Amino acid sequence: MTPCPACETAAVNPITGMYYAGCSGCEMRAARQSPSYHAHMNNLKRTPGSADRRAYVEAVERKEGELIASVIRKDYAAWWEERKAVKA
Ligand SMILES: [Zn+2]
């Protein structure tokens, strides 16, 4: 998939306010800038059990939609991989 012009701009300037409707890259970037995103990430990082984390993300999905849920799921997995790499 070719990135849209807003995604290309965001690659060099992450704080760009440009978003294109219907672009999944833009939608994910917008979700990461929503006020609840950081709260959800902090809550997930403080939740030790994987079943509890799954339940948390499912609750987010029901309340706030599939997009934010998939973004925090993805970013938590990336954070976890990074943490594992540091420890090893
Ligand atoms: Zn885009």
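Modeller: Happy to! Let us begin with E61, which touches E66 and A69 when residues up to four places away in sequence are not counted. Here, two residues are in contact if their C-beta atoms, placed from the backbone, lie within 7 Å. Before going on, please note that this is a predicted model, where local features need pLDDT of at least 70, side-chain atom pairs count only at pLDDT 80 or more, and totals for chains, interfaces and linings use all residues. Residues are numbered from 1 along each chain as its sequence is written.

E61 is found in helix α4. Helices (H or I, at least four residues) and strands (E, at least two) are DSSP runs, numbered from the N terminus. E61 is partly exposed, with 16 other C-beta atoms within 10 Å. The cut-offs are these: a residue is buried if 20 or more other C-beta atoms lie within 10 Å of its own, exposed if 12 or fewer, and partly exposed in between.

Helix α4 covers residues 50-64, and its axis lies 7 Å from that of α5, at an angle of about 155°. Axes are lines fitted to C-alpha atoms, for helices over the stretch in contact, and angles run from 0 to 180 degrees between N-to-C directions. The two helices, α4 and α5, are therefore roughly antiparallel to each other; angles over 145 degrees count as such, while those under 35 are roughly parallel, 65 to 115 roughly perpendicular and the rest oblique.

Where they meet, α4 brings V57, V60, E61 and E64, and α5 brings E66, I68, A69, I72 and R73. Sorted by type, the residues of this contact are five nonpolar, no polar and four charged. In that sorting, Ala, Val, Leu, Ile, Met, Phe, Trp, Tyr, Cys and Pro count as nonpolar, Asp, Glu, Lys and Arg as charged, and the others, Gly among them, as polar.

A69 also belongs to the largest nonpolar core, together with A31, V60, I68, V71 and I72. Such a core is a set of buried Ala, Val, Leu, Ile, Met, Phe, Trp, Tyr and Cys residues joined through C-beta atoms within 7 Å. Helix α5, residues 66-87, gives the most to this core, with four residues. Beyond its neighbours within four places in sequence, V71 is in contact with M28, A31 and R32.

Stepping back, the protein chain has five helices and zero strands, and 10% of its 88 residues count as buried.
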